[in-house]
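Q: Please take a close look at the aromatic rings of this structure. Then set that part in the context of the rest of the chain.

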Amino acid sequence: MTPVEAAVAEAYREEWGRVVATLIRLTGDWDLAEECAQDAFVRALEHWEHEGVPRRPGAWLTTTARNRALDRLRRDATGAAKLREVTTLMAADEASPHETGPVRDPVDDSGIDDDGLRLMFTCCHPALSLDAQVALTLRTLAGLTTAEIAHAFLVPEATMAQRLVRAKRKMRNAAIPFRVPPAHQLPERTRAVLGVLYLTFNEGYAATSGRDLTRQGLCAEATRLARTLTRLMPDEPEALGLLALMLLHSARVATRTDGAGDLVLLEDQDRSRWDTDLITEGAGLVEQALRRGRPGPYQVQAAIAACHATAPSHADTDWAQIAGLYGKLHRLTGSNVVELNRAVAVAMADGPAAGLAITDGLEASGVLEGYHLLPATQADLLRRLGRRDEAALAYRRARTLARTDAERRYLTRRLASVEAAVEPAGESVPSGG
């Protein structure tokens, strides 16, 4: 990667959401905003190579994208009225974007002092369904691809693409203003913002596809915003729970892969390398959140993560407690992925046959069709029961469905072990990594 390519990549991570948000605010057209923002980044690759990287990359990108949007509106006969409106809004901006970058909404009494968080609350508009708010914000501000968002929601990519189109159309046709909500309206958007931060962190912690298992930049940004949110809403237990969950997972992230980039399962990770400061802080936040007496999904997930992080060894983990917590989490969420994770904990507490019964029920229902961790979990439980031919078939199914190189390599090793009837020491299902 050349220095210019690196600068554009960094600008994309830092500025994409702000550039798109500025264009949505000015034009009210979500598709136009994304297209013109993409065009600005393409132009940056061309211009910065000859002109040098500007002192304020965000300002350059915003100006370029905005000019591109104006050109598009000028060429569109139906865009004349919108062009006049955009020109008026531009004239009302208090400072030039050439100097300051994307400007803050002049009507802003939200009390939010972080640009990224402010944009998330802006994008999570209650006129949309909760899922639509989260999906649209992940696409528009977090920059996740439609495929990555579809994976997070366990739906086909085409289905998610249609949902995003409908959400954008609703926002545009209803002429819903893209404005930062006032402080008294923040609570009605908090659940969606928490969902965006959670799924952004998840994509960073366990990437949907590609060579690397983790995308640490996404994890770091989601954690930073979650920490900011807890300062903004110190009495919101789910915000505390989400931050605790992120910290407890981040404490282990350096041990999840080896030097070759291969997956290292929870039971094989070197616990001496876990970040004890993050574990202490995360466990403390779990207790602080639960004392509020309003348990929610993020708090329960954080409690599960704390059980893992504070156990002296894999063998000494309280699997019965973890299975019980997953049961509570399933009652709160109805999530089939949670039920799959409960199957793993039940298998550890009560034996592989008990866990396999749960996974077989999930398979029969078809609710996790295409989700590679279902056959991967079944394969491990079948292996532990000595049913190696069935385990091999399940490993093959899982490998076909896996989306990252690290996971495919892991499943290939497991498949080879059952085919050779050789038990590699210390390897188990990847669900708890």
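A: Two rings of Phe, Tyr or Trp (for Trp, its six-membered ring) are paired if their centres lie within 6.5 Å; a pair is stacked if the planes are under 30 degrees apart, edge-to-face if they are over 60, and tilted otherwise. The model is a predicted one, in which local features need pLDDT of at least 70 and side-chain atom pairs count only at pLDDT 80 or more, while totals for chains, interfaces and linings use all residues. Residues are numbered from 1 along each chain as its sequence is written, and side-chain values use heavy atoms, with hydrogens and water left out.

Under this ring criterion there are six aromatic pairs. In one of them, Trp-16 and Phe-41, the ring centres are 5.9 Å apart and the planes meet at 40 degrees, so the pair is tilted. Trp-16 belongs to helix H1 (residues 3–27) and Phe-41 to helix H2 (residues 30–51), so this pair ties together parts that are 25 residues apart in sequence. Helices (H or I, at least four residues) and strands (E, at least two) are DSSP runs, numbered from the N terminus. Trp-16 and Phe-41 are both buried; buried means under 20% relative accessible area, exposed over 50%, and partly exposed in between, with a 1.4 Å probe and protein chains only.

A further pair consists of Trp-48 and Trp-60, whose ring centres are 5.4 Å apart with planes at 70 degrees, so it is edge-to-face. Trp-48 is in helix H2 and Trp-60 in helix H3 (residues 57–75), so the pair ties together parts that are 12 residues apart in sequence. Trp-48 and Trp-60 are likewise both buried. Tyr-12, Trp-16 and Phe-41 form one aromatic cluster.

Helix H1 also contains Val-19, which counts as buried because its relative accessibility is 1%. Leaving aside residues up to four places away in sequence, Val-19 touches Ala-37, Gly-58, Leu-61, Thr-62 and Ala-65, a contact being heavy atoms within 4.5 Å. Leu-61 is 42 residues from Val-19 along the chain, yet their C-alpha atoms are separated by 7.1 Å.

A charge sits over a ring if NZ of Lys or CZ of Arg is within 6 Å of the ring centre and within 35 degrees of the ring normal. The charged end of Arg-252 lies over the ring of Trp-274, 5.7 Å from its centre. That of Arg-256 lies over the ring of Tyr-205, at 4.0 Å from the centre.

The surrounding chain gives the context. It has 20 helices and zero strands, and 52% of its 433 residues count as buried. Among contacts with a separation of 6 or more, 65% join residues 24 or more positions apart.

Helix H19 (residues 388–401) has 14 residues and reaches 20 Å from its first C-alpha to its last, close to the expected 20 Å, where the expected span is 1.5 Å times one less than the number of residues.

Helix H18 also takes part in covering the buried residues of helix H16, as do helix H15 (319–333) and helix H17 (352–365). Helix H16 (residues 336–350) has 15 residues and spans 20 Å from first C-alpha to last, close to the 21 Å expected. Its buried residues include Val-338, Leu-340 and Val-344.

The structure holds zero disulfides, a disulfide being a pair of cysteine sulfur atoms within 2.5 Å. The sulfur of Cys-124 is 6.1 Å from the closest cysteine sulfur, in Cys-123, which is too far for a bond. Most residues other than glycine have a negative phi. Leu-154, although not a glycine, has a positive phi of about 55 degrees. Leu-154 is in the loop between helix H8 (146–153) and helix H9 (157–173) and is partly exposed, with a relative accessible area of 40%.
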